[in-house]
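Colleague: I would like to go through the helix packing and a few residues of this model. Please state the cut-offs as you go.

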Amino acid sequence: MEKINDAEEYLLVGSMAFNVLLVFFQVVMRYVFHNSLSWSEELARYIFLWQTWLGASYAVRQRRHLRVEMVADRFRGRNRVRFELFVLVVWFAFSLFLAYQGSRMTLFLVRTGQLSAAMRIPISWAYASVPVGCAMMALRLVGEVRLVLRRLEEEAV
């Protein structure tokens, strides 16, 4: 799992650096040379999609997702841990739902053979970011559920 974590970090950082350079290059081409590239905005958008969904998985690993603590703060002790477990299970189910629906949509686009407008690559490559990112997020959430269950057992003793 450590190699996957490292690869994910390198991919996110590398793609962010590449995207910044790509958008900078597009701005220079448009405003300095008065000749914009037809493919750069589309590529930047697709890279951003992948960054978003892989970043959601990375944020689970880092425990960096935004949380509204107003409801959770009403609970103490074991009830707080149970509430956290409930939230993680709902989040896990939603991640699986998105992964499933994203897979269906991606497979539909593969079957229809739709191509992107500017780069003429399969549009399914962009849509595949949803099931991949959500499946990775679901796997990470399984680890979080394990940790919460362990805390629940420790508090029972």
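Colleague: In which loop is Arg120 found?

Modeller: First, the basis: this is a predicted model, where local features need pLDDT of at least 70, side-chain atom pairs count only at pLDDT 80 or more, and totals for chains, interfaces and linings use all residues. Residues are numbered from 1 along each chain as its sequence is written, and side-chain values use heavy atoms, with hydrogens and water left out. Helices are DSSP runs (H or I, at least four residues), numbered from the N terminus. Arg120 is found in the loop between α3 and α4 (124–127).

Colleague: Is Arg120 buried or exposed?

Modeller: Buried means under 20% relative accessible area, exposed over 50%, and partly exposed in between, with a 1.4 Å probe and protein chains only. The relative accessible area of Arg120 is 52%, so Arg120 is exposed.

Colleague: What is phi of Arg63?

Modeller: Most residues other than glycine have a negative phi. Arg63, in the loop between α2 and α3, has a positive value although it is a residue other than glycine. Its phi is near 55°.

Colleague: Which residue's side chain does that of Gln26 join in a polar contact?

Modeller: Gln26 lies in helix α1 (residues 2–31) and, at 5% relative accessibility, counts as buried. Leaving aside neighbours within four places in sequence, Gln26 has contacts (heavy atoms within 4.5 Å) with Ser36, Leu37, Ser40 and Glu41. A polar contact is a pair of N or O atoms within 3.5 Å; within protein, one must be able to donate a hydrogen and the other to accept it, and residues adjacent in sequence count only if both atoms are side-chain atoms. At 2.7 Å, the partner of the Gln26 side chain is that of Ser40.

Colleague: How are α1 and α2 oriented, roughly parallel or roughly antiparallel?

Modeller: Axes are lines fitted to C-alpha atoms, for helices over the stretch in contact, and angles run from 0 to 180 degrees between N-to-C directions. Angles under 35 degrees count as roughly parallel, over 145 as roughly antiparallel, 65 to 115 as roughly perpendicular and the rest as oblique. Helix α2 (residues 40–62) packs on α1 at about 150°, with the axes 9 Å apart. Therefore α1 and α2 are roughly antiparallel.

Colleague: At what angle do α3 and α5 cross?

Modeller: The helices are α3 (residues 77–112) and α5 (residues 129–156), whose axes come within 8 Å. They cross at roughly 165°.

Definitions and conventions:
Helix = DSSP H or I, 4+ residues; strand = E, 2+ residues; numbered from the N terminus.
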